[in-house]
Amino acid sequence: MNSKIKFAGIFFLFISFFIVFYYALKSDTKNNTQIMVGTRLPNIQLSSLFNPIQKISLPSSEKENFYLINIWSSWCVPCRDEHPFLVKLKNEHQIKIFGINYKDKTSNALDFLTKLGNPFYYVGVDSDGSKSIEIGGYGVPETYVINAEGIIVFKHVGPINSTTFEKIVATIK
Amino acid sequence: MKNFLFLLIVFLLNQQNSFALFSQDREIKIYKNIRCLACQGQSLNDSNSDFANDLKKVIKEKLNNNETDQEIYTYLTARYGDWILFDPPVKKSTLLLWFFPVFILVIGIFILYKRTVFEKSKLS
């Protein structure tokens with residue numbers, strides 16, 4: 001009888017360990033950058049790169065079906081690579097893009113836009129990175145698609161490439 | 001009277017220092033529990049990356065606004081998920097992780113107790 005109890009105890013412990021390790025192996029231990037997708041964009045206030053007195057609040061109160069938020073900087077090389085895609089999105093799909101200029105020198109940022117074109121409807125300044133943190137940003141570049149209700153429907157960390165471009169186009173259709 | 005005033009000033013200055021040390025300890029304790037998501041396996045406290053420095057600034061501001069540790073963690077997990085915390089919060093999916101070791105400990109104590117009682121009864 002005693003050995004039966006011992007056997008049952010060991011068996012129970014073995015099964016318990018198996019369950020714990022099985023779920024530990026299966027669980028997602030990687031960083032999930034999509035946590036904020038499906039939630040409302042937190043409120044942020046930005047002052048304009050072109051005119052610091054002019055301020056706007058996001059989520060936008062304008063009645064747009066969708067709009068884009070792009071975090072960029074002139075010192076960020078991948079931002080240069082993705083820039084033509086932003087220009088294309090603005091020209092071919094008439095989507096409003098709100099830029100957040102991340103920890104940049106104003107003169108360099110203005111120079112960047114003069115040389116590569118300005119696809120942005122509005123460019124706000126994030127001089128200390130706090131605005132990007134507020135919306136769950138990791139760094140530059142980063143792109144969000146926001147719907148009319150202010151919900152984040154798409155988020156991409158890293159530069160836009162042709163695949164991401166297609167995904168954005170499919171989202172805003 | 002002069003001596004008393006001198007002692008009072010020393011005491012107050014010392015209190016101020018302890019408070020500063022306490023708030024610095026709290027700040028570091030929070031930094032140590034936050035994973036730098038832009039670095040490999042480093043805490044916010046160990047990292048000097050742009051992302052870590054930005055987060056430190058935001059946390060410092062929240063501490064100055066008298067927000068609790070829990071409020072700060074809630075703010076961060078809402079934006080970056082539970083992965084940003086080194087100590088996972090107690091919730092349904094982590095119940096097993098938190099309480100399984102306690103359960104094993106209780107079983108261990110029970111077995112130990114049983115054995116001791118058994119040995120004692122055998123001796124008597």
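Predicted model: local features only at pLDDT ≥ 70, side-chain atom pairs only at ≥ 80, totals over all residues.
Colleague: What makes Lys103(A) and Asp54(B) a salt bridge?

Modeller: The rule asks for a side-chain nitrogen of Lys or Arg within 4 Å of a carboxyl oxygen of Asp or Glu. Here the N to O distance is 2.4 Å. The value is within the cut-off, so the pair counts.

Colleague: Why is this pair said to join two chains?

Modeller: Lys103(A) lies in the loop between β4 (96-102) and α3 (106-116) of chain A. Asp54(B) lies in helix α2 (residues 50-64) of chain B, so the pair joins two chains.

Colleague: Why is Asp54(B) called buried?

Modeller: Buried means under 20% relative accessible area. Asp54(B) has 2%, so the label is buried.

Colleague: What makes Arg79(B) and Glu134(A) a salt bridge?

Modeller: Their side chains meet at 3.0 Å, N to O. The cut-off is 4 Å, so the pair counts. The pair crosses between chains, from helix α3 (residues 69-80) of chain B to helix α4 of chain A.

Colleague: Buried or partly exposed: which label goes to Arg79(B), and which to Glu134(A)?

Modeller: Arg79(B) has a relative accessible area of 9%, so it is buried. Glu134(A) has 22%.

Colleague: Why is the pair of Arg26(B) and Asp69(B) said to tie together parts of chain B?

Modeller: Arg26(B) lies in helix α1 (residues 2-32) and Asp69(B) in helix α3, so the pair ties together parts that are 43 residues apart in sequence. Their closest N and O atoms are 2.7 Å apart.

Colleague: How are Arg26(B) and Asp69(B) labelled, buried or partly exposed?

Modeller: Arg26(B) stands at 23% relative accessibility and counts as partly exposed. Asp69(B) has 19%. The limit for buried is under 20%, so Asp69(B) is buried.

Colleague: Which residues do salt bridges with shared partners join into one network?

Modeller: Lys103(A), Asp50(B) and Asp54(B).

Colleague: How many salt bridges does the rule find across the interface of chain A and chain B?

Modeller: It finds 3 across that interface. There are also 6 residue pairs in polar contact between the two chains, both residues at pLDDT 80 or more. On the side of chain A that touches chain B, α1 (2-26) and α4 (130-134) each give two or more residues. α1(A) gives the most, with 7 residues. By class, that side has 12 nonpolar, 9 polar and 5 charged residues.

Colleague: What area is buried between chain A and chain B?

Modeller: About 1,800 Å², of which carbon and sulfur atoms give 62%. In contacts, 26 residues of chain A meet 19 residues of chain B.

Colleague: Why does Lys155(A) count as buried?

Modeller: Lys155(A) is at 3% relative accessibility. Buried means under 20%, so the label holds. Its place is in strand β7 (residues 152-157) of chain A.

Colleague: Why does Lys155(A) have no salt bridge?

Modeller: The nearest side chain of opposite charge, Glu142(A), is 4.1 Å away. The rule needs a pair within 4 Å, so no salt bridge is counted.

Colleague: Which backbone oxygens does the side chain of Lys155(A) reach?

Modeller: That of Gly136(A) at 2.8 Å, and that of Thr33(A) at 3.5 Å. Beyond its neighbours within four places in sequence, Lys155(A) has contacts including Val37(A), Tyr138(A) and Tyr144(A).

Terms used:
Residues numbered from 1 in each chain as written. Chains lettered and ligands numbered in written order. Heavy atoms only, no water. Helix = DSSP H or I, 4+ residues; strand = E, 2+ residues; numbered from the N terminus. Buried < 20%, exposed > 50% of the residue type's maximum accessible area, 1.4 Å probe, protein only. Lys, Arg positive; Asp, Glu negative; His and termini not counted. Polar contact = N/O pair within 3.5 Å; in protein donor to acceptor, adjacent residues only side chain to side chain. Contact = heavy atoms within 4.5 Å. Buried area = accessible area lost by both parts, 1.4 Å probe. Nonpolar A, V, L, I, M, F, W, Y, C, P; charged D, E, K, R; others polar.
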